[in-house]
Each structure stands twice: as C-alpha cells, then as structure tokens.
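The report below goes through selected strands, helices and contacts of one model. Sequence and coordinates come first.

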Amino acid sequence: MECKGKKIFEGIAIGKISYFSKKEQTVVRKHITDKAAEKERYGKARDKAIHDLHELYETTKIEIGEADAEIFDVHSMMLEDDDYNNSVYNMIDQQELNAEYAVATTGDNFAETFAAMEDEYFKARSVDVKDISERVIRNLTGEKAAVLCSDEPVILAADDLTPSETVQLDKNKILAFVTRKGSSNSHTAILARTMNIPAVINIDVEESWDGKMAILDGDKGILILDPDPETEEKYKILLAGQQQKRELLKELRGKANETKSGRTIDVFANVGNVTDIAGALQNDAGGIGLFRSEFLYLERDKFPTESEQFAVYKKAAELMAGKKVVIRTLDIGADKKCDYFHLDQEDNPALGFRAIRICLKRPEIFRTQLRALFRAAAYGNIQIMYPMITSMSEIRQIREIVKEVKEELQAQGVPYKDAPEGIMIETPAAALISDQLAKEVDFFSIGTNDLTQYTLAIDRQNPALDDFCDTHHPAILKLIEMTIKNSHEAGIWTGICGELGADTSLTETFIKMGVDELSVAPPAILKVRKAIRECD
Amino acid sequence: MQNFEYKITDEIGLHARPAGLLAKFAKQFHSDIKMEYNGKSASAKALMGIMGLEALRGAVVSVTVEGDDELEAAKKLKEFMSENL
C-alpha cells in the first residue's frame with residue numbers, strides 16, 4: 001500500500017514502523033479547598049518545567065545547534081508569561097479547581113487561539129503551548145514522558161510530535177519520521193532537516209501499522225507499507241547510493257578544496273531561494289556563487305516590493321555569515337515568464353527581450369531591486385551580478401543607474417553599503433570582449449548553459465537537438481579559457497556557475513585554465529571537492 | 001501618555017522569540033504598555049498576548065505607554081523595537 005504525504009526532508013529509509021503513542025494525560029477535574037496549597041503546587045511544577053527547559057536548551061544547543069535550541073528558550077518564556085499564569089491562578093482561585101485541570105484548560109485555550117490564526121507560523125505555535133502545558137501536568141502528576149521502546153532502528157510513526165519529544169528521542173534508533181499532523185514550519189520539520197532524518201507528514205498513520213515493514217521515500221513524499229520484494233529491492237539500491245553519498249559527506253566535510261599541488265579553488269552553491277541555503281550549508285558550501293533572484297518575481301501577480309526583496313537578501317547574507325553571496329539580478333525572459341511584466345510575444349525569446357535588457361529598458365523595476373540589494377549589502381558579503389551582458393555600453397548604463405540609486409539612498413539617509421559588482425559571461429560576445437569588460441567590473445561568472453546555447457546555436461529547450469549538443473565543444477572551452485585569462489590580466493576573479501561547473505570530467509581542465517571558483521547545485525559540492533582533491 | 005507606531009520589519013513578523021524578548025524588556029518599566037493591532041490589543045509585557053496580535057511583517061502596531069516612567073519607557077521601547085523587530 002502506498003500513501004502520499006508531504007515531503008519534509010529527503011532521503012530513503014527501509015525498516016519496521018514503530019508507532020509512537022502518547023500516554024494520554026487524563027486530567028481529572030477536581031474541586032479543591034486549599035487554594036494557597038494548590039497554587040504552590042502549580043508554582044513548583046512550573047518552576048521545575050522551566051528548569052528542565054533550560055537544561056534541554058543547553059543540551060540541544062550542543063548536540064544540534066543554537067538555532068534549533070531556541071524553541072526551548074521560547075517555551076520557558078511562555079511558562080513565565082503573565083497571561084498564562086494568571087489564567088491558571090484565576091481558575092484555582094475563583095473556580096476552586098485543581099492545578100492539573102487549570103493548566104490543561106489554559107493550555108487548550110491558548111492552543112485554540114493560535115490554531116485559529118491564519119498565518120502558518122502562528123498556527124504551528126499551538127503545538128508549543130500544548131507541549132509546555134503537558135510538561136507542567138507531568139510534573140504535577142509525576143508521570144513520565146512517553147519513550148520510544150525499540151532495539152532496532154525504526155521508522156517512527158506518530159500523530160504528531162512536540163519539539164521536546166523530537167529532541168529527546170534516541171536519534172540512533174530513528175530511520176525516518178512519518179506523522180499525520182505537522183507542517184513544514186513545525187519544529188519537528190526543522191529538526192528533521194537539521195538532523196538529516198528523512199521525514200514525510202500528512203499521512204494517515206494508524207496504530208495497527210506498528211511493527212510492519214515499510215519504505216519511506218522522503219524524495220517523493222510517500223510511505224510504502226508492506227512493500228513487495230521487487231519494490232524493496234529497488235529501494236535497497238537507492239538506499240545504498242544514499243549511504244555512499246553520506247559517507248562521502250562525512251569524509252569530505254570540512255576538508256579544503258585543494259589540489260595535490262596545493263592550489264585552492266572555491267566551491268560555492270547555486271541556490272534558487274533562501275530555503276536552499278540550508279542545503280548549501282549542509283553540503284559545506286564556501287559561499288553562494290549564484291543566488292537566482294527570479295523566485296521573487298515568478299508565481300505571483302505583481303512586482304515584489306523593495307522591502308520584500310530586502311528581507312530576502314538580508315536573510316541570505318545573514319545565513320551565510322560573512323561568506324560571499326553572489327546575487328544575480330532579475331533574469332526573467334526566454335523560458336521564464338511572468339504575466340504581470342506584460343512582455344510581448346516573441347518569435348525567438350532566447351534571443352529576445354530578457355534579463356538585463358528588461359532592466360535597462362524598464363529601469364523602475366531594476367532600481368527597486370538595486371535599492372534592496374545595496375541596503376542588504378550592509379548585513380553581509382553580498383555581491384551583485386548582472387546577467388546577459390553583450391556590450392560595454394550596457395555596463396555604462398548599469399553604472400549610471402547604480403550611481404543614481406546610491407545617491408538617492410544617501411539623500412534619503414537610508415543605510416546601504418557598496419558591494420562588488422560582476423557580470424555573467426554567457427554570450428560569445430561577452431567572452432570575446434572580456435578583456436575590455438574585465439577592466440570595468442569586479443568579477444566574472446561564466447554561465448555555461450546559455451554560453452553553450454548561443455555558441456553552438458542550439459536551443460536548450462529542444463530535445464530533438466540533443467545529439468548535436470556537445471557541451472565539451474572546443475569552441476566553448478576556448479571561450480572559457482579566454483575569459484579566465486582576461487580576468488586575471490585585469491586582476492579580477494572568474495567563476496563558473498553553469499552546469500559544466502559540476503561536470504567532474506572537466507574539473508582538471510578548468511583548474512588548468514586557472515578558474516577561481518566553481519558554483520554548483522548543493523548536492524554536487526562534495527563531488528566537485530573530491531575531483532579537485534584528486535587533481536595535480 | 002505616550003503613543004507611537006511601529007512597523008514590523010522582521011521576516012516572520014512578531015514571532016515567539018522576539019515577542020518573548022520584548023515582553024522581558026517591557027517588564028522593566030512601571031508603566032502600562034499596551035500594543036494594538038488589527039482591532040486586537042495586548043500588554044507588551046505578556047508574550048502570549050503579543051503573539052496573539054498575529055502581527056506579520058509590514059504590520060503597523062500602535063504602542064501606548066502610560067505611567068510614571070512613560071517618557072523613558074517609550075524612548076527605550078522604540079529603540080528596542082527598531083533593533084529587534
């Protein structure tokens with residue numbers, strides 16, 4: 001049987017299901033007479049919970065990381081909250097109810113308030129309120145938290161997991177998580193990602209599945225119950241591949257991208273949004289070599305505002321904490337379309353109105369993005385990259401607009417920082433005049449996908465041309481070599497951010513040409529590192 | 001009485017951690033500090049109440065400070081909010 005859910009973290013797990021059933025805290029409503037004593041009981045149980053949460057914060061900080069530990073800090077703040085405490089005290093005082101019942105009711109009330117909110121983040125906080133209330137009730141009743149009992153590693157199935165349950169589980173015994181509830185914003189989801197545990201949510205798990213064989217495919221977001229031998233065999237092969245990759249990760253993480261003769265090449269990540277940065281860091285990226293800003297524009301019906309863009313760029317800069325983040329300005333056009341741009345239909349979109357051409361003809365769009373970028377540059381190492389350059393005059397026009405944008409920010413007293421500015425070399429024209437361009441910009445990044453398409457006159461979107469598309473064509477390699485040489489003569493660096501950058505059969509060739517940086521999809525980083533370390 | 005408006009710039013909005021820090025910070029003042037947004041109102045000294053405002057990024061929150069240290073409290077709160085929220 002196959003169940004489809006929502007994927008939270010990729011990866012494959014094969015094993016028995018262990019159904020994590022919580023001991024329902026049956027809270028009995030009781031009438032009490034000694035109100036002062038009851039309030040003291042509550043106070044003690046709450047203080048112990050706060051104390052335990054501080055410890056949990058410290059352990060999580062060491063074992064997993066500070067960002068994931070913060071939830072427990074928030075939990076203790078919630079328990080110190082006046083509204084929460086007053087609600088409990090009022091019930092004891094005015095309704096003469098026992099502490100357990102007062103806490104449970106208070107927790108439920110707050111959880112309901114959060115659950116009724118519209119925003120996903122706030123909705124997800126209802127679990128936190130329940131979690132803290134259960135913790136206090138356990139202290140009141142003396143019951144222990146549910147634990148996972150199993151000798152062998154299992155796929156953990158549950159209705160939902162609270163953050164503290166997730167952290168306190170024995171990670172060595174968990175192959176994967178599958179839950180009925182939860183959201184991609186829940187802390188369980190965040191922790192699954194940090195701990196590299198495959199996870200799928202929104203699957204109707206049943207207690208009767210306990211002990212059954214299953215396969216969890218986090219890449220597809222499915223759970224296969226009682227798999228047939230053929231499926232299991234297929235997944236065993238996939239799992240072996242995944243384990244090999246993880247071994248590689250372990251072996252190569254933290255190592256330098258250094259050739260045998262001691263030359264170091266930067267290996268950066270190509271990302272399409274802020275969430276991808278987690279994957280980049282996990283794979284040990286030295287920086288972001290290509291941050292595609294298109295996602296801000298695609299799949300929506302109006303232009304992203306300056307502050308929306310600023311928030312995203314700032315976040316990216318902060319996540320990379322001082323490491324380079326090369327952000328490519330708007331590259332809409334050709335195969336990437338946005339209705340609200342109202343662009344004309346073109347017979348030949350790849351050779352049409354796209355990328356920097358749109359920015360220069362419609363500078364109001366460009367200015368908004370530039371303002372956001374220079375403002376965000378104050379928060380980290382942002383570098384700005386302009387796509388689809390073919391001439392010196394384009395550089396001069398960009399210069400002019402950048403100058404005006406900075407003057408405007410200055411005049412308005414808006415904080416910003418200068419950032420290095422570079423260009424994509426993705427047209428034969430740019431490669432051929434790279435000697436001149438190199439004197440005007442701070443870096444080059446070679447976009448091999450478009451460079452191949454324009455050099456070989458082969459439409460990337462047309463699969464019928466695959467046989468003609470020789471990505472290693474000497475003409476392309478010549479253009480790359482020429483670009484790198486010209487950049488070094490002008491004292492600037494060159495990276496490769498197209499698909500060829502991850503082609504390890506060319507790594508040695510690129511190193512010989514003198515390339516300074518290779519920017520690849522996050523899962524390819526360590527493969528490229530390995531190739532570099534094997535070069536002379 | 002002191003009153004000012006503040007626009008939330010944090011990406012997720014007035015979420016748990018900053019709300020908790022704000023509550024902690026607000027507690028050092030004697031004044032009553034009230035936050036209002038979208039028809040809802042909460043004490044700035046209570047984390048759950050602040051979160052209950054569901055103030056997302058871009059929300060303009062109105063803050064009213066009333067009490068013997070209202071001048072200082074309003075000034076310091078403004079500073080705190082622009083640094084953390």
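## Strand β9 of chain A and its partners

In this predicted model, strand β9(A) and strand β16 (residues 517-520) of chain A run parallel and are joined by four bridges. Strands are DSSP runs of E with at least two residues, helices are runs of H or I with at least four, and both are numbered from the N terminus; two strands pair if DSSP finds at least two bridges between them. Opposite A:Ala269 stands A:Val520 of β16(A). β9(A) also pairs with β10(A), in the parallel sense over three bridges, where A:Asn270 has A:Leu290 as its bridge partner.

Strand β9 covers residues 266-271 of chain A, and five of its six residues are buried, so the strand is largely enclosed by the rest of the structure. A residue is buried if 20 or more other C-beta atoms lie within 10 Å of its own, exposed if 12 or fewer, and partly exposed in between, with C-beta atoms placed from the backbone.

## Numbering and confidence

Residues are numbered from 1 along each chain as its sequence is written, while chains are lettered from A and ligands numbered from 1 in the order in which they are written. Since the model is predicted, local features need pLDDT of at least 70 and side-chain atom pairs count only at pLDDT 80 or more, whereas totals for chains, interfaces and linings use all residues.

## Helix α10 of chain A

Helix α10 (residues 306-319) of chain A has 14 residues and reaches 20 Å from its first C-alpha to its last, close to the expected 20 Å; the expected span is 1.5 Å times one less than the number of residues. Its buried residues include A:Phe310, A:Val312 and A:Tyr313. Among the elements covering them are α9 (276-282), β10 (288-292) and β11 (324-328) of chain A. Just after α10(A), A:Ala321 has a positive phi of about 40°.

## Helices α4 and α5 of chain A

The axes of α4 (residues 99-115) and α5 (residues 120-141) of chain A come within 7 Å and cross at roughly 175°. Axes are lines fitted to C-alpha atoms, for helices over the stretch in contact, and angles run from 0 to 180 degrees between N-to-C directions. The two helices α4(A) and α5(A) are therefore roughly antiparallel (over 145 degrees; under 35 is roughly parallel, 65 to 115 roughly perpendicular, the rest oblique).

The contact includes A:Phe110 and A:Phe114 of α4(A) and A:Val129 and A:Ile137 of α5(A); two residues are in contact if their C-beta atoms, placed from the backbone, lie within 7 Å. The residues of this contact divide into 12 nonpolar, five polar and four charged. Ala, Val, Leu, Ile, Met, Phe, Trp, Tyr, Cys and Pro count as nonpolar, Asp, Glu, Lys and Arg as charged, and the others, Gly among them, as polar.

## A:Ser434

A:Ser434 lies in helix α15 (residues 434-438) of chain A and is buried, with 25 other C-beta atoms within 10 Å. A:Ser434 and A:Ile484 are 50 residues apart in sequence and 8.7 Å apart in space, C-alpha to C-alpha.

## Chain B

In chain B, 16 residues are in contact with 17 residues of chain A. On this side of chain B, α1 (16-26) and α2 (47-52) are the elements that give two or more residues, and α2(B) gives the most, with five.

Strands β2 (residues 32-37) and β3 (residues 40-43) of chain B pair in the antiparallel sense over four bridges. B:Tyr37 stands opposite B:Lys40. The hairpin of β2(B) and β3(B) has two residues between the strands, and B:Asn38 in the turn takes a positive phi of about 55°.
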